[in-house]
Amino acid sequence: MDMAARLGLVLPHAALLGGSAAASTRALNPSRARLPYPTPPPFPTCCRPSSSTYAARPRSSPRCGSPRLLAVRAMASGNPYAAELAAAKKAVTLAARLCQAVQQDIVHSGIQSKADKSPVTVADYGSQILVSLALKMEVSPGPFSLVAEEDSEELRKDGAEEILEEITDLVNETIFDTGSYNISFTKEGILSAIDDGKSEGGPSGRHWVLDPIDGTKGFLRGDQYAIALALLDEGKVVLGVLACPNLPLSSISNPNGSSSGHQVGALFSATIGCGAEVESLDGSPPQKISICSIDNPVNASFFESYESAHSMHDLTGSIAEKLGVLAPPVRIDSQAKYGALARGDGAIYLRFPHKGYKEKIWDHAAGSIVVTEAGGIVTDAAGNDLDFSKGRFLDLDTGIIATNKRLMPSLLKAVQDAIKEKNQAASLL
């Protein structure tokens, strides 16, 4: 099967845009009213041609090697998923570039709520398309399965033509501006690429798991969000990457999620049996990370969702009180919490959605392996490991908790005591 067939309907830039001169001078879609952005830093691209027609542009970055070189280095270190790790890093970094541009538009436009969902919708779809593209271009040919949040149903309806055109323009601009691939999508190709994410996952085979923008409310506010990508192999998470464009590369130093450091944009990665790392989205050398070793809850701090609609803050407050935690909660959107926990910015992660909510696997697959490979433990409220082999949803008890091995026994007891009290109080009403 040639690359064109694997990607859906795509064309070389020259064919679609009328040559390099036309491409370099093309105008942005007026309906988007996008603001100009500074020239992005060099982007790591692959030098492996996929076919005579659809080939990655042979570019290099002074700050990091190509995914092929990263894969060779990783394989030399004994990583059995080296090529997949390199592809995943490239995929989320490319998607992050698109998301950063859209978020900057949102901040400048003054959007404060989700009443107008179009900017988030464009970024969600665009991110998913770019991840799918990069995985298909970088990973060896074969069966491709992606479990992702979005599908093309809404974009195929009457009245969706304008937003489809906007998504198409933005995806093609991102590919062109980063020089990542010498291809461009048609509208039909965009729809096909989105539907790559319709896999149901399961216990057999390999499945990529993607949340194209985790933390949409944070994304709208100009705060934290993540592009979260994991790989399931026979029902087990074996690889995860988290691109967190607004998370400081150095440790978070206060409850507002800011840092004394100046560099922003963190890329967390982990492969089963190989530990966890963090590097900058611009391509700094990766650094090994490990979860904190605190064994006294009094000295611990805990992460929870920024939005009370996403997690029961009253319950997490009760858990913290039973543990004796003195520090206020650190509230951050998205799986950036998992990354911050894995590098020791805090000691505990608590998530207790409201009754009736079903957790999706893409909300936890990447983050959970980053934490466990950093030496932590991630379980449900009963202490069971998370099971990602049962399709698109997690079947778990009440909530999700994560911490180090020393704190887990006392945390589990506090969680179960707090849940019991809450249920008893509810039964009296």
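Okay, let's start with helix H10, residues 313-323: H10 lies across strands E10 (302-304), E11 and E12, running at about 170° to E10. Quick note on terms: helices (H or I, at least four residues) and strands (E, at least two) are DSSP runs, numbered from the N terminus. Contact means heavy atoms within 4.5 Å, and axes are lines fitted to C-alpha atoms, for helices over the stretch in contact, with angles from 0 to 180 degrees between N-to-C directions.

Now the caveats. This is a predicted model, where local features need pLDDT of at least 70 and side-chain atom pairs count only at pLDDT 80 or more, while totals for chains, interfaces and linings use all residues. Residues are numbered from 1 along each chain as its sequence is written, and side-chain values use heavy atoms, with hydrogens and water left out.

So, the sheet. It's an open one of 5 strands, in the order E11-E10-E12-E14-E13, with mixed pairing. E11 (330-331) and E13 (376-380) are at the edges with a single partner strand each, so one side of each has no neighbour in the sheet. Pairing here takes at least two bridges found by DSSP between two strands. E12 (residues 348-351) and E14 (residues 400-404) are antiparallel over 4 bridges, and Tyr349 stands opposite Ala402 in E14. Over on E13 and E14 there's helix H12, residues 365-373, lying across both and running at about 140° to E13.

Next, the rings. What describes a pair of aromatic rings? The distance of the centres and the angle of the planes. For Phe, Tyr and Trp (its six-membered ring), centres must lie within 6.5 Å; planes under 30 degrees apart are stacked, over 60 edge-to-face, the rest tilted. The structure holds 2 aromatic pairs. Phe219 and Tyr225 have ring centres 4.9 Å apart and planes at 90°, so that one is edge-to-face. Tyr338 and Tyr349 have centres 4.6 Å apart and planes at 45°, so that one is tilted. Buried or exposed? Both Tyr338 and Tyr349 are buried, where buried means under 20% relative accessible area, exposed over 50%, and partly exposed in between (1.4 Å probe, protein chains only).

Last stop, strand E4, residues 206-214: 8 of its 9 residues are buried. E4 runs parallel to E2 (residues 146-148), joined by 3 bridges, and pairs antiparallel with E5 (residues 226-233) over 7 bridges.
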